[in-house]
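User: I am new to this structure. Please show me how to read it, one feature at a time.

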Amino acid sequence: MKKLIVIGAGMATGRALEHLFEADPDAYEVTLFNAEPRGNYNRIMLTPVLSGEKTYEEIVTHDAAWYESHGVTCRFGEKIAAVDRDRKVVVTEGGEELAYDKLLFGTGSNPFIIPMPGHDLDGVIAYRDLDDTNRMIDAGGAPGSKAVVIGGGLLGLEAAAGLRMRGMDVTVVHIMGHLMDRQLDEAAGYLLRKALVDRGINICCSANSKQILGEDGHVRALELADGTELPCSLLVMAVGIRPSVALGQASGLAVGKGIHVDDQMVTSDPDVLAVGECVEHNGAIFGLVAPLYDQAKVVAATLLDQEAVFTPKEVSTKLKVTGCDLFSAGDFAEGEGREDIVFRDPARGVYKRLVLENDRVIGAVMYGDTADGGWFHGLIKDGSDVSDMRDTLIFGPSFQGGAQMDPLQAVAALPPEAEICGCNGVCKGQIVTAIAGGAQDLGAVRAQTKASGSCGTCTGLVEQVLAVTLGDDFVIPAAQPICGCTDFTHEDVRLLIKTKELKSQPAVWQELGWKSPDGCHVCRPALNFYLLADWPLEYKDDLQSRFINERKHANIQKDGTFSVMPRMWGGITNPQELRAIADAADKYNVPTVKVTGGQRIDLLGVKSEDLPAIWADLNKAGMVSGHAYSKGLRTVKTCVGTDHCRFGTQDSTGLGIKLEKALWGSWTPHKVKLGVSGCPRNCAEATCKDVGVICVDSGYEVSVGGAAGMDLKETQPLAKAVTEQEAIDMTIAFVQLYRENAKYLDRPYKWIAKVGLDWVRDRVVADLEGRQGLIDRFAISQSVYQKDPWAEHIAERAEVYHPLANLTLEAAE
Amino acid sequence: MTQWIDIGPITAIPVRGARVIKTAQGCVAVFRTTKDEIFAVDDRCPHKGGPLSEGIVHGASVTCPLHNWVFDLATGMAKGADQGQIGTYPLRVEGGRMLLDVTYLAKKDAA
Ligand SMILES: Cc1cc2nc3c(=O)[nH]c(=O)nc-3n(C[C@H](O)[C@H](O)[C@H](O)COP(=O)(O)OP(=O)(O)OC[C@H]3O[C@@H](n4cnc5c(N)ncnc54)[C@H](O)[C@@H]3O)c2cc1C
Ligand code: SF4
Ligand code: FES
């Protein structure tokens, strides 16, 4: 067997080896070197790993078993230091020499680091591999930590969004006037900027970095040319990449910007090939995977002495930041003889622009609605004459030919050579062939053709091809249904409950075609909440659709016992209440009495059958349920405020009590916690609550969307209130808006991230009439739901807390 | 030989709910489904001992309240990817009253 040595286990060489083994598994004995201490993984997916949506294990493309089954000798964590082409050997860093018959360079790129003062400080990193990603994740761990990203291109924005999702305070510094200036025009760049700012990312465009400032060898801030200092503990440089050519150059290969290759991917040495970002082909270098995968096919063919030619194609770009729909392809610079067709819908935040030259589309930029991106990309690549459809071109394929086509027909009309998956260069014909060969679902098509297997943005298209090819046998799965009982998403169901006026669970199951007779433990609690939130007067709350904690109004513990917590309004209690709690703890043998983070007292370890009795005792002492178990208002934490504290500016305790009395008993999509502090010293830690109020001399600063659970989030300012009543009104309106719109189990910060803080502010702060409407609807709901569940259960349901029968005697016979 | 014991009216259990029977060998949970079917099974999840009677009942299944394993009430088998089984007990309804065969409990004791 001939010996093939591969330098670099990257996306390009990984794909090349796959093609090679597929065509002829016995042609080469392969040794694979990688400077990174790991094998091939999907580098594109580092962004979801950074944001926490995926784990590293999920993005590995070739595992140990794969290498073993193909007889690949893996030398991960070992760099090739030199190549002696005369003797046909490579030399490892450790000085070991290995002979090859063929050598493949796949060394990728090096991130470019601007050599400005301070670039070598600790905490200044690039964004290229898993180690960088892990460093960013670690940096995000410290609460309130700040990051600066230099570079507002694809990579910089993905890094910024990922860090933001990790809870960091992120600022992007971009030298050009608008973001992603290489892919977007100004208008689309503006929309993108707005969407990112809504997500809490700070953006500085037209900003030039001067130097990085440090302290004890660690980055402390970035200084801009205008003197501004942006404090940060992490600085990510994402300003570009350079093909990694040092080794190629030292080996005496012909090198320009990249290692020169011909159409067969052969370098200036006939026994040395190169593939991926390290190559230069006809003056062009490459930075996206689509062309690299084409190259990989050619490399495999060349290694097997088969004919193949690499021809570069137009590539398109998408941004992998959840919720930012963005597409760009081709050339959209202004120029002589070029014409623009522009479509804007500011209300929906949609923008589309096509650049035409000689009746052909040469560039397309779309923001907000990118469904037709693939079609435009096809027109660009094929150079189709579009003069006939100029008038309706911008509306996309469904408008060509008069009547509006549904998207499926549009896909049905695509020719077999239409490209569906840009990353992997898979066209419709290949997918149809795979389906004919037995691939009946997305997973199978992906396994056979690789379509939608990389960045995944074409998943919908692949599903549509499946649908048109298989007909009724294939049902397109909707985006993330609630659970297996339905194809609808949470958002769909909320909408349909309102528009179709569905007022009971059976009505929902019936009208929306539930697949199970009565739902399951995932959908029923959600439906129960949606219905009671929308129809408080008509819907009857269903205890059997509640998780045990809410059904029994106590928290279940790991041993099946429960915990009980009485309300202490605003954290205030008195000796009489404390005595009653102590007595109850004695009487019911409560093993643990705990003061909680929300300033309440928790009695842990109560037996289910004792619950009605302990509640009755606490009720008698004037206390009601603290709802410590509920997806509803939990606690309002307060500081002592003006009553005792020398710094207090307002009666924070009093306000906390008022808020708790107004909001208690309400059900919400997830738990809701509040905090009120009497001055910016913030002793009540109000800025990590769902709603936080900070009292100041001039009034009340209301902020929302904080959390201190699995994710740490600082609140974002909602508005300033002048009077106490205004602060209460805004809080109630905010909670009601959240109740009416959020997905079940989304905490407010998650919901705000989806709808944008501006949208919330418009409704809760700016629109006074709308605010009053929210408050009125909340009051109607409270007229039904603000009641003490303990008293209710003692009166009506006490027996279900006891065993149905005691057969200990019978069974003992 | 069977020995049926009256454990109460079916209405003592909420629809899509459960009640517990204490026995010397541990608790048995009695479930009532939407269709008024009644099932008696062990009240202990084989995973980490969760009280199944506190779970959410759907179809003829229950979801354990601690970590969401789902059990088929008729067969006692865990559904989905999880593996495990809970004991099931003969039970019948006569004139709206539930009757449990306690010989099974004795057998379990002997085993
Ligand atoms: C965070 C991120 C997101 C991206 N998102 C997208 C996207 O959405 N769409 C898209 O098309 N592209 C995207 N890209 C670009 C894409 O990942 C690259 O184009 C692609 O990975 C390049 O493949 P490659 O095989 O040429 O190089 P790499 O995948 O970089 O592999 C090169 C490997 O060679 C190793 N190596 C280098 N020198 C040596 C040596 N002397 N000895 C041994 N080993 C060596 C390196 O350690 C490295 O592991 C993204 C890139 C990043 C970093
Ligand atoms: S937040 Fe201000 S007013 Fe409240 S206790 Fe602390 S210092 Fe005093
Ligand atoms: S104890 Fe039942 S699922 Fe874990």
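Analyst: Start with buried area: the accessible area (1.4 Å probe) that two parts lose on being put together, summed over both. The size of an interface is often given as the accessible area lost when the parts come together. This is a predicted model, where local features need pLDDT of at least 70, side-chain atom pairs count only at pLDDT 80 or more, and totals for chains, interfaces and linings use all residues. Residues are numbered from 1 along each chain as its sequence is written, chains are lettered from A and ligands numbered from 1 in the order in which they are written, and side-chain values use heavy atoms, with hydrogens and water left out.

User: What area is buried between chain A and chain B?

Analyst: About 2700 Å², with carbon and sulfur atoms giving 60% of it. On the chain A side, His521(A), Leu804(A) and Leu807(A) lose the most area to chain B. Together they make up 26% of what that side buries.

User: How many residues does each chain bring to the contact?

Analyst: Contact means heavy atoms within 4.5 Å. Chain A brings 35 residues and chain B brings 36.

User: How many salt bridges are there between chain A and chain B?

Analyst: Side chains of opposite charge can pair when their charged atoms come close. The rule here is a side-chain nitrogen of Lys or Arg within 4 Å of a carboxyl oxygen of Asp or Glu. Between chain A and chain B the count is 3. One of them joins Glu609(A) to Lys22(B), with the closest N and O atoms 3.3 Å apart. Over all chains the count comes to 45 salt bridges. Among them, Arg353(A) meets Asp340(A) at 3.2 Å, N to O. That pair links distant parts of the chain, 13 residues apart: Arg353(A) is in strand β24 and Asp340(A) in strand β23. Such elements are DSSP runs, numbered from the N terminus: helices (H or I, at least four residues) and strands (E, at least two).

User: Which strand of chain B pairs with β39(A)?

Analyst: Strands of a sheet pair through backbone hydrogen bonds, either parallel or antiparallel. Two strands count as paired if DSSP finds at least two bridges between them. β39(A) pairs with β2 (residues 17-23) of chain B, in the parallel sense, over 2 bridges. Ala805(A) has Ile21(B) as its bridge partner.

User: What is the strand order in the open sheet of 4 strands in chain A?

Analyst: The order is β28-β29-β31-β30, and the pairing is antiparallel. β28 and β30 of chain A stand at the edges with a single partner strand each, so one side of each has no neighbour in the sheet. β30(A) and β31(A) pair over 4 bridges. There, Lys594(A) has Asp602(A) as its bridge partner.

User: Which residues come nearest to ligand 1?

Analyst: A residue is near a molecule if one of its heavy atoms lies within 4 Å of it. Of 28 residues around ligand 1, the nearest are Ala12(A), Arg128(A), Glu277(A), Val289(A) and Lys320(A). Now look for polar contacts (N or O atoms within 3.5 Å; within protein, one must be able to donate a hydrogen and the other to accept it, and residues adjacent in sequence count only if both atoms are side-chain atoms). A polar side-chain atom of Glu277(A) lies 2.5 Å from an oxygen atom of ligand 1. For a polar side-chain atom of Asn34(A), the distance to an oxygen atom of ligand 1 is 2.9 Å. Ile80(A) uses a backbone N or O atom, 3.1 Å from a nitrogen atom of ligand 1.

User: What surrounds ligand 2?

Analyst: The residues include Cys639(A), Cys645(A), Cys679(A), Cys683(A) and Arg681(A).
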